[in-house]
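Reader: Hi! I'd like to walk through this structure with you, one topic at a time. Could you start wherever you like?

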Amino acid sequence: MNTRSLLRLLYVPRVFFFTIALCIVPLILAGCGKNFYFAGRNLPPSGVTNRVMITIQNPSALTKGALTFVDAFYDIRHAFNNENNNFSIGGASVSLPLTIQNMPEEQLGAVYNAGDGSVALINYATEKQSTSVSGSPSSSIFISRDQRYLIAAEQTAHASVINDRVIGRTVPLNLPGVYRISLNASASIGLAFVQNSNEVYSVVHLTGPQQSSYQAYFAANGKWPANSFGLPAQDCEPQNLPVYCAYPVSPGTASFDRPIKGIFSPDGSTVYVLNCGPECGGNTSGVTTIPITASSLNPGGIGPSAINLQATATLAVPGGATNAIGSGTTLYIAGQSVQPDGYLSGNLSVVNLNTSQVTGVYPISDGAHNKMLFADDNTLFVGSVQCQSGERYHLDPNSATGCLALFNISTNAVALDSFKGDLTGIADVEGLHKIYVAEGGQIHIYTTTNFTELDNSNVTVVGTATDVAYMDGSTDYNNTTY
């Protein structure tokens, strides 16, 4: 044996043992409780650090619903070394899971069940359901990030329902036609929107002394006390000793036109109310600004307490305004405009909040735009339902353009996917240059670099996928459109 051969034999074992050592070190750290993967979060039981949770409806199954998650790094539904071990949320009790309010900063997901109106709270750290919060079948529902307050709107019952988990009571407020709720992260502001009206209401938690004084005032006057703008509460409940009231938001020098949603600035200083306008049977779509100051809030109030809200300005957005998402001083507004033939056409309007100007309008998918999400590579994705009921399909039934649009915020380029059905969920798999979507009741994966579709054969579901959420997102804005 020559010297070179001997050296080769001596070298290989050293490389082998070094590789083994690299594999053993993480195991030792895990055993010592030092294994974490993001912002101090503990490694979950599955060991997967890029998880996408999926809500599945399956009417033929006994449970009629399921919650599962997949490994979004490998795009597989099972452990990479065990094909027989599919991931699922332990102890999940969901009848007809519909939406996910994603709160990865709190390692929490709130899954709304359309079957009974409850909300299942999913612990991302343990990958199990922690509890269920009672509610009622709702058209719009949110829970505060501290899980103390759940507010929902139910159009059929004409009620906005508050589940106050601090006092252990559920309180309905009588608001005929209410159908949408917007809630900020701290639950200090809860707005209720009434369909086919120009009214916006704010949910207000009364203080202890107010509860007694409000009861006495109502008994003497037959109406509830007014706020600082002279507007009496629309309703207070329970009437014998009120805890919550619904106060009208004053339009001030501005106006509302079929208001549909509130977008909250990151610093909490402003609410931008979207006016649906012609898309909802009104006249002018746009965005109305409402400043939040100390005088806006109920003194000594807790929870929802914006009693004195007044708008200051309205900016017309002719392209339509039903959903929006912000980045810095830019607001991206999705909506539809009415065309001469009566059909609706989808648009994305870019608004500079500093100058209060619409700086660009770009055609996107038609339909009701229910999902908006930023993703890698300077992309913004906008999803809609009923996208084939608009102008694009009317003019060309063979176009086969879909309900998902990509907008590049650097180049202003727009791309549309092929039609697969309604788009009901988007999850940005941060740093991996791809998104997961629930589209046409199935899971699809797209790249953020060039919008190509990736192989989804190992993440498809049995049943109807209704929503997706990136459980390991960096912020609570990944998936949830507040």
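Author: Happy to! This is a predicted model. Let's begin with a strand contact: Y446 has E453 in β35 as its bridge partner.

Reader: Nice. How many bridges join β34 to β35, and which way do they run?

Author: Two bridges join β34 to β35, and the strands run antiparallel.

Reader: Which sheet are they part of?

Author: They belong to an open sheet of four strands, in the order β32-β33-β34-β35, with antiparallel pairing. At its edges stand β32 (423-429) and β35, each with a single partner strand, so one side of each has no neighbour in the sheet.

Reader: Switching topic: how many aromatic pairs turn up in the whole structure?

Author: A search of the whole structure finds eight. Take F69 and F87: their ring centres are 4.8 Å apart and their planes are at 10 degrees, so this pair counts as stacked. F69 belongs to strand β4 (residues 65-71), while F87 is in the loop between β6 (82-86) and β7, so the pair ties together parts 18 residues apart in sequence.

Reader: Are F69 and F87 buried or exposed?

Author: Both F69 and F87 are buried. Another pair is F381 with F451, where the centres are 5.8 Å apart and the planes at 55 degrees, so that one is tilted. Here F381 sits in strand β29 (residues 379-385) and F451 in the loop between β34 (442-447) and β35 (453-454), so the contact ties together parts 70 residues apart in sequence. F381 and F451 are buried too.

Reader: Which residues form an aromatic cluster?

Author: Y332, Y362, F374 and F407 form one.

Reader: And what sits over the ring of Y477?

Author: The charged end of R145, at 5.2 Å from the ring centre. Y477 also comes up in the second largest pocket, as one of the residues nearest its centre, along with F264, P266, I325 and G326.

Reader: What about enclosed space? How many cavities of 30 Å³ or more are there?

Author: The search finds two. The largest cavity has a volume of about 60 Å³. Among the residues lining it are S365, D366, C387, R392 and Y393. Its lining has three nonpolar, five polar and two charged residues, and α3 (391-395) and β30 (401-408) each supply at least two of the lining residues.

Reader: Now some backbone geometry. Which peptide bond is cis?

Author: The bond from E237 to P238 is cis, with omega near -15 degrees. P238 is in the loop between β18 (235-237) and β19 (244-248).

Reader: Where is Q386, and what is its phi?

Author: Q386 is in the loop between β29 and α3. Its phi is positive, about 55 degrees, although Q386 is not a glycine. Q386 counts as exposed, because its relative accessibility is 54% and the cut-off for exposed is over 50%.

Reader: And what about N412?

Author: N412 also has a positive phi, near 65 degrees, and is a residue other than glycine. Its place is the loop between β30 and β31 (414-418). At 32% relative accessibility, N412 counts as partly exposed.

Reader: One more stop: how many residues lie between β7 and β8 in their hairpin?

Author: Four residues lie between them, and Q107 in the turn has a positive phi of about 50 degrees. Six bridges join β7 to β8 (residues 108-113), and the two run antiparallel. M103 stands opposite L108 in β8.

Reader: How many residues of β7 are buried?

Author: Five of the seven residues in β7 (97-103) are buried, so the strand is mostly covered.

Reader: Last one: is I143 buried or exposed?

Author: I143, which is in strand β11 (residues 140-143), is buried, with a relative accessible area of 3%. I143 and H78 are 65 residues apart in sequence and 30 Å apart in space, C-alpha to C-alpha.

Conventions: Residues are numbered from 1 along each chain as its sequence is written. This is a predicted model: local features need pLDDT of at least 70, side-chain atom pairs count only at pLDDT 80 or more; totals for chains, interfaces and linings use all residues. Side-chain values use heavy atoms; hydrogens and water are left out. Buried means under 20% relative accessible area, exposed over 50%, partly exposed in between (1.4 Å probe, protein chains only). Two strands pair if DSSP finds at least two bridges between them. On a 1 Å grid over the protein atoms alone, a cavity is a set of points where a 1.4 Å probe fits but cannot get out, and a pocket is an open set with protein on both sides within 12 Å along at least five of seven lines; lining residues have an atom within 4 Å of a point. Rings of Phe, Tyr and Trp (its six-membered ring) pair if their centres lie within 6.5 Å; planes under 30 degrees apart count as stacked, over 60 as edge-to-face and the rest as tilted. A charge sits over a ring if NZ of Lys or CZ of Arg is within 6 Å of the ring centre and within 35 degrees of the ring normal. Grid points are joined across faces, edges and corners, and a volume is the space filled by probe spheres set on the points. Ala, Val, Leu, Ile, Met, Phe, Trp, Tyr, Cys and Pro count as nonpolar, Asp, Glu, Lys and Arg as charged, and the others, Gly among them, as polar.
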